[in-house]
Amino acid sequence: MRGTMASSSPIAPAKPVIAAGFPLFTGRAAAAAAALLLGLAPLPAAADALIDNVNGMTLDKDGKVIRFQAMLLSPDGHVTRLLAAKDKRPDKLDWRADMKGRTLLPGMIDAHGHIMELGFRALELDLSDTRTLAEAQAKIAAYAKANPERSWILGGGWNQEVWGLGRFPTAAELDAAVPDRPVWLARADGHASWGNTAALKAAGVTAKSVAPAGGRIEKGAGGQPAGVFVDAAQALVGKLVPQPLGKDRNAAFIKAQAMLMSYGITATADMGTSLDDWLTYRRIGDLGALRVRIMSYGLGVETAVQIGGTGPTPWLYGDKLKLGGVKLYADGALGSRGAWLKAPYADAPGQSGAGFMSDDVIRNLMSRAAMDGYQVAVHAIGDRANAEALDAIDEMAQTYKGDRRWRIEHAQIVDPVDLPRFGKNGVIASMQPTHQTSDRTMAEARLGPQRLAGAYAWASMLRNGATLAFGSDYPVEKPDPWAGWAAAFTRQDAEGQPFGGWRPEEAVTREQAWWAYTVGAAYAEFAEDKFGRLAPGQLADFIIVDRDPLLASATELRATKVQETWIGGTKVWERK
């Protein structure tokens, strides 16, 4: 079934999305133009409303399940009251929506994603569904043939582990698909890119080229660049890639927003917002077309300061957009062996990954962000990177008091001796359940069995007092909270593997996982007073789904279909 952007009317039929660049309008014309261009009806006038006849459920702030059968909304799109079946309905309403007994939940929140990358991946060459190198080569060749006007072939999503390759692909193997123009394709995790000979020649990369700090050039015979560039080394070629135009960015955003709403995601953290990304969000917001709530973390301190100036921005466009933090990188990713480990990789004894910042640099950057009130989120995957981030937080917390909510993004591989430290200083462990199901065999190979005790350790995080916030890291994984929710309490993939779950002692309960995708994710962005649950005073962000997630098996939960997505009391997406 095909999903489309929905009219804001609770009963009007949905209209199709038109992803395009926008002409310039001002005032009311801007909102009207956005509505026409995006297939959206103008937002409704303020009204008292009743969402009735629902199998409603939410969590309270402490994780207790609350059930209800109707929900009253205020004219400004907030929840005013949850009603049981026996409660009298108001006599006078501006409108009422009868949900015919369907299941209603608070909107899901993705605590870690990359909005623009999601949109571009969907609009460009996407290799995430390829299962062999030969299949990828065929798809690349077909895409190049279908797009002869493109001077560079761009895309991503490849994963040599899924291909069973046992090594990185080479430039020669990419040449076999496209020999006549540059090709530049990001790995699934975004921490490595693969180029053909034309791309390397255009960038002037030779055997004499030196990888910058925090990067690695994969080498072949005679020290020649083999075609894959890891982490910071990606810039050697990436700097020449043609930059998308404003209309291309608009189209990518609209595509990503529709995808998120189709999964029931009503708010998301955008981890690593660039200045171009922010300008795109502002353009869309000025046109009245922002639907999903975006909590931006600037790509480094300089970007955050360019956007926010002396501190976080206020909420803009009716609580739809805010820059509140800074994203820093302590290391790379496990799949490309860029994650910074305390001991060498089990399958590459000469490598331990790379730290992107010295101890002095990470403290300086964290201090610069914290002194202006920006929240700090540090990407840390390897155990050494996590230890470095925790060390820096311990020191920063002595100077910067109050509710800082220091975040560690991913926290995938943690030395067990460091796990208790996540319970200090209000640290938030921002983790992605489907990384565990995707990575488990690769993690075993990279680390060996002796170093898995602190890997994807969700239950240990909770036992040690950390706040858990769940997301997907889209487009690395699909922005699918239902797959993540199922993985979190089973430690199994979509095929039910492995039997009994992978390191099942680290599973969380069904309710704890739900909390991490809603209340916990909102708390991680200082937004828990606005959204994340359904209660009086909270924004009416909710979804209608085709099953009760608390009664569904893990397999059934993964198959959940969102039927409607509502944000601020307005229907913004409907399945057709």
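How many cavities of 30 Å³ or more does the count come to? In this predicted model, the count comes to one. The volume of the largest cavity is about 50 Å³. Its lining draws on several stretches of the chain: Pro106, Gly107 and Ile109 take part, along with Thr266 and Ala267, and so do Phe531, Gly532, Arg533, Leu534, Leu539 and Asp541. Sorted by class, the residues that line the largest cavity are six nonpolar, three polar and two charged.

One of these lining residues, Pro106, also belongs to strand β6, which covers residues 103–106.

Strand β6 has partners in β2 and β21. With β2 (residues 49–59) it runs parallel, and two bridges join the two strands. With β21 (residues 542–545) the direction is antiparallel, and the bridges number four.

Strand β2 leads on to a pair of hairpins. Eight bridges join β2 to β3 (residues 65–73), and these two strands run antiparallel. Within this pairing, Thr58 stands opposite Ile66 of β3. The hairpin of β2 and β3 has five residues between its strands, and Gly63 in the turn shows a positive phi of about 90 degrees. Strand β3 then pairs with β4 (residues 79–83), again in the antiparallel sense, over four bridges. Here Met71 has Leu82 in β4 as its bridge partner. The hairpin of β3 and β4 has five residues between the strands too, and Gly77 takes a positive phi near 80 degrees.

Elsewhere in the chain, six strands form an open sheet with mixed pairing, in the order β8-β9-β10-β11-β13-β12. Which strands stand at the edges? They are β8 (125–126) and β12 (215–219); each has a single partner strand, so one side of each is left without a neighbour in the sheet. Further in, β10 (residues 183–187) and β11 (residues 192–195) run antiparallel and are joined by three bridges. Trp184 has Gly195 of β11 as its bridge partner.

Ser193 and Gly227 are 34 residues apart in sequence, yet their C-alpha atoms are 8.2 Å apart in space.

In soluble globular proteins, nonpolar side chains tend to be buried together. The largest nonpolar core has 101 residues, and Phe422, Met461, Phe470 and Trp485 touch the most other members. Helix α11 (residues 383–399) gives the most to this core, with seven residues. Apart from this core lies another, of 20 residues, including Leu133, Ala144, Val228 and Val230. Back in the largest core, Phe422 has contacts with Asn386, Leu390, Ile408, Ala411, Val414, Val427, Ala429, Met461 and Ala466, leaving aside residues up to four places away in sequence.

Finally, some details of the backbone are worth a look. The peptide bond from Tyr474 to Pro475 is cis, with omega near 5 degrees, and Pro475 has its place in the loop between β20 (467–470) and α14 (481–490). The bond from Gln497 to Pro498 is also cis, with omega near -10 degrees; Pro498 lies in the loop between α14 and α15 (510–516). Arg503 lies in the loop between α14 and α15 as well. Its phi is near 45 degrees, a positive value in a residue other than glycine. With a relative accessible area of 25%, Arg503 is partly exposed. Lys100, in the loop between β5 (95–98) and β6, likewise has a positive phi, near 55 degrees. Lys100 is exposed, with a relative accessible area of 66%.

Notes:
Residues are numbered from 1 along each chain as its sequence is written. This is a predicted model: local features need pLDDT of at least 70, side-chain atom pairs count only at pLDDT 80 or more; totals for chains, interfaces and linings use all residues. Side-chain values use heavy atoms; hydrogens and water are left out. Two strands pair if DSSP finds at least two bridges between them. On a 1 Å grid over the protein atoms alone, a cavity is a set of points where a 1.4 Å probe fits but cannot get out, and a pocket is an open set with protein on both sides within 12 Å along at least five of seven lines; lining residues have an atom within 4 Å of a point. Grid points are joined across faces, edges and corners, and a volume is the space filled by probe spheres set on the points. Ala, Val, Leu, Ile, Met, Phe, Trp, Tyr, Cys and Pro count as nonpolar, Asp, Glu, Lys and Arg as charged, and the others, Gly among them, as polar. A nonpolar core is a set of buried Ala, Val, Leu, Ile, Met, Phe, Trp, Tyr and Cys residues joined through side-chain atoms within 4.5 Å. Buried means under 20% relative accessible area, exposed over 50%, partly exposed in between (1.4 Å probe, protein chains only). Contact means heavy atoms within 4.5 Å.
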